[in-house]
Amino acid sequence: ANTLGAAAAGSGRYFGTAVAAGRLGDSTYATILDREFNMITPENEMKWDTVEPSRGNFNFGPGDQIVNHATANGQRMRGHTLVWHSQLPGWVSSIGDANTLRSVMNNHITQEMTHYKGKIYAWDVVNEAFADGGSGQHRSSVFQNVLGNGFIEEAFRTARSVDSSAKLCYNDYSIENWTDAKTQGVYNMVKDFKSRGVPIDCVGFQSHFGSGGAPAGFRTTLSNFAALGVDVQLTELDLAQASPTAYAGAVQACLDVARCTGITVWGIRDSDSWRTGENPLLFDNYGNPKAAYGSVLTAL
Ligand code: XIL
């Protein structure tokens, strides 16, 4: 195969990218997008601050633009993201009453998932709920602080009740190294959810890597999570300076695990990346494939 999407499809996987609605009119961008990628994650357009900037006022316009593009070009969509402490409007983060916040969170999940029902392959239901460092506990957030530990379970149960066909995922960063406390915290949560029947189908490993790429234990981590009975994916892959061998190594970790169902890079050209100056993507500023593009294509 001579595109990322077709090469990944050869082993039943997908190859995706983050997309910004505002760049769809750039023909260089759109040409690469539609040639190479068969899964799309909206970079910002389905986040709370865009979708529900004030209580009960929903704005699906930017997200719809991306979904319409995907539909027209045969690409599937990952919904990103329903419950996250970041890019969260002030009206939510200032809620102090648990009953109010619970109904606000469940209503947000319900309205957004209902709007996109039938159009989303997988949702990042909860994003980045675990703390960095050695605690292995949830991070501080309005959801954690006001609703307590049960907010993640509540979000997943609500999500399943709204759309029983979409895959429901937990997504986080720095959970790629098996021995890290953060990885263990997420693993124990997924294990607990599976044992109690809390609906969860997948775990997304963001995979924002430094120039050395994935930690040595990444494949072990992916396979240990998969053994719990969830699919795993690399959801936001980017790698400082895009070393071809480091990129291929990260991709290989997924290919080595049967339940690793796909890989998404966090943007198309280096100039599209949120990591300014780090050149972490597969295409240069002009849309030319970099060396890492070739190594990834070969690995797939
Ligand atoms: C980033 C976007 O790329 C930026 O455009 C935005 O300013 C901030 O968010 N983890 C995530 C993504 O789950 O949503 C983040 O995306 C990168 C880190």
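This report describes the ligand site, the charged side chains and some backbone features of a predicted model.

## Ligand site

| Residue | Ligand atom | Distance |
|---|---|---|
| His80 | oxygen | 2.7 Å |
| Trp266 | oxygen | 2.9 Å |
| Gln206 | nitrogen | 3.2 Å |

The ligand taken alone exposes 420 Å², and the protein buries 78% of that area.

His80 also takes part in a backbone feature: the peptide bond that joins His80 to Thr81 is cis, with omega at about 0 degrees. Thr81 belongs to strand β3, which spans residues 76-83.

## Salt bridges

The whole structure holds 17 salt bridges. One of them pairs Arg269 with Asp26, with N and O 3.0 Å apart. This pair links distant parts of the chain, the two residues being 243 residues apart. Arg269 sits in the loop between β9 (260-265) and α12 (291-299), while Asp26 sits in the loop between β1 and α2 (27-36). The two partners have separate burial classes. Arg269 has a relative accessible area of 7%, so Arg269 is classed as buried. For Asp26 the relative accessibility is 29%, and Asp26 therefore counts as partly exposed.

Arg269 has a further partner in Asp272, where the closest N and O atoms of the salt bridge are 2.9 Å apart. Asp272 and Arg269 are both buried. Through shared partners, salt bridges join Arg23, Asp26, Arg269 and Asp272 into one network.

A salt bridge between Arg35 and Glu36 has an N to O distance of 2.9 Å. Arg35 counts as partly exposed because its relative accessibility is 41%. Glu36 has a relative accessible area of 2% and is therefore buried.

## Buried charges without a salt bridge

Which side chain of opposite charge is nearest to Glu112? It is Lys47, at a distance of 11 Å. A salt bridge requires a side-chain nitrogen of Lys or Arg within 4 Å of a carboxyl oxygen of Asp or Glu. Glu112 is buried and has no salt bridge. The residue lies in helix α6, which covers residues 98-115. Setting aside residues up to four places away in sequence, Glu112 touches Met46, Val51, Phe60, Leu82 and Trp123.

Arg13 does have a polar atom in its side chain that lies 3.0 Å from the backbone oxygen of Val257. Apart from neighbours within four places in sequence, the contacts of Arg13 are Ala8, Cys254, Leu255, Val257, Ala258, Cys260, Thr261 and Gly262. Arg13 is located in the loop between α1 and β1.

## Gly12

Gly12 is placed in the loop between α1 (4-9) and β1 (14-19). Is Gly12 buried or exposed? Its relative accessibility is 64%, so Gly12 counts as exposed. The C-alpha atom of Gly12 is separated by 35 Å from that of Asp49, which is 37 residues apart from Gly12 along the chain.

Gln87 is situated in the loop between β3 and α5 (90-93). The relative accessible area of Gln87 is 27%, and this residue is therefore partly exposed.

Ser174 is partly exposed because its relative accessible area is 36%.

Conventions
Residues numbered from 1 in each chain as written. Predicted model: local features only at pLDDT ≥ 70, side-chain atom pairs only at ≥ 80, totals over all residues. Heavy atoms only, no water. Helix = DSSP H or I, 4+ residues; strand = E, 2+ residues; numbered from the N terminus. Buried < 20%, exposed > 50% of the residue type's maximum accessible area, 1.4 Å probe, protein only. Lys, Arg positive; Asp, Glu negative; His and termini not counted. Contact = heavy atoms within 4.5 Å. Polar contact = N/O pair within 3.5 Å; in protein donor to acceptor, adjacent residues only side chain to side chain. Areas by Shrake-Rupley, 256 points an atom, 1.4 Å probe, with all protein chains shown as cover.
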